[in-house]
Amino acid sequence: MTKNKVQRIVAIVLVAVAVVMAVVGGIHLPQRSGEKATAIIEELRIRTLLDVTGVGLVDTYVEIAREEAMAKGKAEGLSLKERKVKAEEAMAETRAKYESEGVEPQADTAILLPVVAEYAAQLEVYYDLKTAAEEAYVEAHMAEAEAAAEAERQAKIDAGQEVGEEKPVTVDMSGFVATPEMEAALASADESFVAVGEALMQIYPALDDSALKTLKPTITNVVLQQGEGFTQLYDRYMAAGSGEALTNPVNAWLIRYADDLLYGTAALIVLALIVLFYETLCKKLGIPRIVLGVFFIMLCFMCLWFDLSLPSLLSNTLVRMGMNAVMVLAMVPGIQCGISLNLGLPIGLVAGLIGGLCTIEWGIPGVWGFIVAIAVGCLIAAVCGWLYALLLNRLKGEEMSVTTYVGFSIVSLMCIAWLVLPFNSLKLRWPMGTGLRNTIGLDSTNFKHILDDFLAFEIGDFTIPTGLLLFMALMCFLMWLFTRSKTGVAMSAVGNNPRFAEATGINVDKMRIIGTVLSTVLGAIGILVYSQSYGFMQLYTAPRQMGFIAASAILIGGASTSRCKISHVIIGTFLFQGVLTLGMPVANVLVPGSTISETLRILISNGIILYALTKSGGESRA
Amino acid sequence: MSAEYVLEMRNITKNYGENTVLSDVTLQVRPGEIHALLGENGAGKSTLMNVLFGMPVIHATGGFGGEVLLDGEATHITSPHDAMTKGIGMVHQEFMLLPGFTVTENIKLNREVTRRNPVSRLLGRNMETLDMGAMSSAARKALDSVGMSIDEYTRVEGMPVGYMQFVEIAREIDKTGIKLLVFDEPTAVLTESEAQQLIRVMKAIAESGIAIIFITHRLDEVMEAADSITILRDGKLVTRLDKEKTSIVELAEQMIGRKGEAMVSVEPRAVPQDEVALSVRDLYVNMSGEEVRGVSFDVFKGEILGIGGLAGQGKLGIPNGVMSLYASSGEVEIFGETLQLGNAAAALKAGIAMVSEDRKGVGLLLDQSIEDNIAFTAMQVKGEYLTKIGPIKLKNSGAIRHQAERMIKELDIRCFGPTQHSGTLSGGNQQKVCIARALTMKPRFLFVSEPTRGIDIGAKKLVLETLVKLNREMGMTIVMVSSELQELRSICDRIMIVSEGKLVDILPPDASDADFGLAMSGIKPDEHK
């Protein structure tokens with residue numbers, strides 16, 4: 001059997017399974033809002049209610065047994081210790097008896113249906129009213145709370161204390177009073193509960209008023225279904241362990257997981273397509289991008305499966321892509337001019353950070369602050385990049401190690417510099433002693449989210465950071481224009497084949513300087529874009545790893561150490577950040593207890609990168 | 001032990017894949033004689049020696065046919081080490097010496113004289129102490145026998161190259177039981193007096209009974225030193241001669257010969273000599289392995305001038321020097337204007353284009369598309385194929401595509417389209433891309449260096465025809481450098497032969513084989529006659 005045939009057969013089997021899943025899922029999904037779903041939920045609710053009441057009853061009986069035993073012991077004149085032992089025995093006996101026999105309902109449970117439904121409706125009315133009233137209260141008192149928070153913050157700044165991260169303003173709810181409507185609704189709900197209680201007593205004759213009173217909050221909790229949909233209710237009741245009693249559990253399960261079946265269908269079809277067009281894809285994209293792409297798609301489906309909010313995660317991915325893209329773009333001129341991966345990127349990052357610090361020091365707010373930060377950062381980056389390029393020109397052929405060492409050295413050097421640089425703003429300095437803070441929080445008076453929020457809009461959970469993406473696109477476009485300019489063409493020839501360039505009379509050293517300076521300047525802009533989106537500027541050792549992250553991203557995008565395109569930047573940043581963003585919550589669900597998920601994340605992401613690099617094939621000459 | 005020949009290689013045949021590099025070659029060397037092995041580049045001398053030394057490259061490519069006899073007995077030499085133990089030594093063209101070691105250490109390397117000591121009794125031979133005294137005296141003896149007065153404890157580093165050559169010889173002589181020594185172009189790096197001394201040493205060694213195979217291209221040295229001569233050409237044995245019965249002219253003639261039919265035939269014409277296009281005076285080029293040491297010549301407008309010579313003699317240095325790809329000095333005038341050397345862009349701007357012999361190293365951007373390769377030089381040097389938007393100059397993709405498509409059609413470049421990467425093309429098509437790039441410059445003067453190296457026969461023909469067409473139809477002055485004399489003779493108006501970095505003579509294409517052979521070994525034919 002040829003390989004081709006196997007591929008086709010596997011694809012057909014996958015598609016067949018997918019079709020079955022799609023049909024089943026498609027049939028059951030609309031039933032969620034139908035009568036069947038309502039019936040299932042009601043059945044589950046009654047069942048849970050009965051279980052809860054039953055369990056409550058057992059507890060009541062056990063309590064009665066204990067009291068009886070104690071009283072009996074006292075009558076027999078036993079010591080307190082002996083009495084306790086007797087009571088324990090009696091309790092265990094009673095519990096065993098009821099649990100083995102079960103607390104059987106004594107009447108038809110159907111009488112519960114209408115009264116529970118009525119109670120549920122009443123409760124819903126009450127909670128709707130409550131929510132509305134609370135919202136109105138918050139709205140009315142918001143301005144007040146904000147002013148108070150701002151005053152407190154200002155006082156702290158004036159006193160020279162650390163301000164810390166900005167917290168969302170909360171309204172003090174202690175002044176909230178229930179409205180008359182609410183009280184009326186609560187009263188009528190209580191009235192309808194009486195009916196429920198009567199019905200329950202009919203079913204469980206052993207249930208008395210005091211027991212019912214104890215069970216009321218539990219029952220209310222079971223019955224209440226404020227705004228919850230089918231899936232949440234189903235999960236809740238199933239978690240309470242009422243599933244066995246369902247008349248048609250398979251049907252209920254299918255309705256519950258109909259959407260996951262549809263996701264599974266899509267996943268299988270994607271898989272089938274990959275199997276079918278494996279060779280073509282390999283040739284076009286290369287194995288690393290396929291592996292990462294499939295991993296990313298897998299993560300997407302896992303997010304859906306675990307009912308994580310995929311749109312908000314994807315929107316996060318988009319933000320992180322925009323944040324990092326300019327730094328990744330900084331790799332492009334480096335690779336094209338022949339210095340390979342510019343792992344000395346921290347030079348540019350540090351320059352950008354200094355630019356950012358300057359605007360805070362000078363107190364330039366908003367857009368102008370950001371522009372000035374970029375201008376100052378670029379200026380410093382250009383000078384440093386030029387010196388760095390002179391160094392690289394003297395050490396041709398050793399770029400990889402030189403850039404790495406320069407990157408590390410500059411970060412360490414700046415660790416000293418951050419302590420002695422003459423910045424005076426209290427926002428930047430430690431309140432006591434000298435030196436700049438580790439993390440400098442940006443806020444509305446600086447350039448926090450200046451790009452993220454520009455023209456940003458939401459589609460459901462999916463927020464589009466328009467400004468950020470536009471800026472990224474602009475930088476990419478400018479870079480693309482540069483690669484098409486006479487200088488850009490000459491520069492890429494230098495990177496591609498220095499002897500060829502020399503034979504054409506191109507000044508190789510000059511081109512390498514241009515490329516290095518450009519890369520450093522882009523690094524400076526990149527860190528500012530990153531910081532404004534992140535909301536903090538991180539000094540000291542934070543920039544150390546960023547060069548490597550940017551390098552990994554562009555390699556994943558399909559670049560090699562000697563050639564790259566703008567598309568590699570975009571694809572690489574998206575895949576890299578996408579895998580990181582989606583990987584974390586999925587790992588958290590898979591392995592709850594956060595530290596392992598963090599480890600797993602690093603393992604998965606770096607492992608994938610390593611794998612991608614060992615397999616760096618693909619259409620490298622495309 | 002009284003076999004007639006110390007070494008006899010009978011009917012040696014060697015194929016590399018489908019390529020026959022040696023066919024039915026026989027080599028016989030008597031004890032105590034100096035036997036010269038002659039041939040042009042690629043005649044099969046090196047391969048024959050590789051067979052003799054049992055080099056891994058031979059075994060890895062399927063071995064060879066024929067047999068090797070040492071002292072009349074069939075032997076199978078499995079490795080260079082095996083050859084050494086059987087008494088065959090080699091004096092390499094590139095010195096195989098460790099620069100940081102002394103002369104003695106180099107001579108005795110891996111054959112050290114050692115004494116046992118307590119540690120070596122425990123840990124074996126590798127821990128024995130070096131007997132420096134014994135080693136020095138043995139080295140001294142070997143050095144004396146090659147007539148070298150240098151101290152045996154001097155470091156090799158910093159020695160004149162001639163001395164290194166003698167150290168290498170001394171090392172071979174020091175080996176016990178040596179029967180046969182191979183000298184691979186030993187005089188190439190030596191001065192005249194050193195060469196004379198070497199020949200004296202060789203004769204002395206031969207008299208002591210050791211046979212010598214002397215590989216060289218200097219015919220006068222052959223006549224001076226050798227007792228007998230074997231000439232190879234195109235992997236075939238041409239003849240075996242005794243020195244007494246031959247002459248230098250015969251050697252030259254046999255070495256060159258007529259190789260096959262001309263691929264391109266050009267009608268003979270009078271050499272145009274009205275106007276000088278390129279005038280070169282005292283050109284020195286520092287191109288490693290192809291140094292040019294003071295060459296002066298004129299190229300006339302409208303002619304095709306060929307530059308020939310053996311490999312490593314400096315013929316490649318001439319175009320590379322004029323184009324300033326390597327450090328060069330001298331006076332160069334192009335169409336009457338002085339050309340400043342040391343500036344690659346100046347030569348290109350002056351209207352000279354070059355197709356480099358180093359296609360992959362200098363000639364192409366392998367990772368870029370055909371169209372970008374073709375337009376690159378014109379764009380960078382002449383500012384063509386650019387669109388100006390204010391101060392920004394962007395490349396004009398449309399114009400580039402147009403030019404690339406024209407060139408692909410004209411030169412018949414076999415490709416999927418102008419966006420295919422040049423690295424994925426075959427050698428012949430890559431060469432055509434190089435030519436297309438040169439032509440896109442619209443040059444007045446074209447250097448083509450080894451245009452047919454490593455490309456298939458069809459592409460060769462097309463390349464040569466293109467050159468003729470450019471010359472005849474567009475009046476382009478062309479200088480073509482090639483190792484293939486036949487090629488030069490088929491299309492050139494005049495052929496300049498270079499030897500040891502100097503111009504030997506300029507010959508008409510119909511000059512005799514003997515004249516070319518003499519010129520290639522550095523002897524001006526007229527003077528010899």
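This is a predicted model: local features need pLDDT of at least 70, side-chain atom pairs count only at pLDDT 80 or more; totals for chains, interfaces and linings use all residues.
Local features need pLDDT of at least 70 and side-chain atom pairs count only at pLDDT 80 or more, while totals for chains, interfaces and linings use all residues. Residues are numbered from 1 along each chain as its sequence is written, and chains are lettered from A in the order in which they are written.

Q: At what angle do helices α16 and α17 of chain B pack, and how are they therefore oriented to each other?
A: Helices are DSSP runs (H or I, at least four residues), numbered from the N terminus. Axes are lines fitted to C-alpha atoms over the stretch in contact, and angles run from 0 to 180 degrees between N-to-C directions. Helix α16(B), residues 427-440, and helix α17(B), residues 457-474, pack with axes 10 Å apart at an angle of about 15°. Angles under 35 degrees count as roughly parallel, so α16(B) and α17(B) are roughly parallel.

Q: Which element gives the largest share of the side of chain A that touches chain B?
A: In this interface, 18 residues of chain A are in contact with 26 residues of chain B. Elements giving two or more residues to the chain A side are α17 (466-484), α18 (486-496) and α19 (498-503) of chain A. The largest share, five residues, comes from α18(A).

Conventions. Angles under 35 degrees count as roughly parallel, over 145 as roughly antiparallel, 65 to 115 as roughly perpendicular and the rest as oblique. Two residues are in contact if their C-beta atoms, placed from the backbone, lie within 7 Å.
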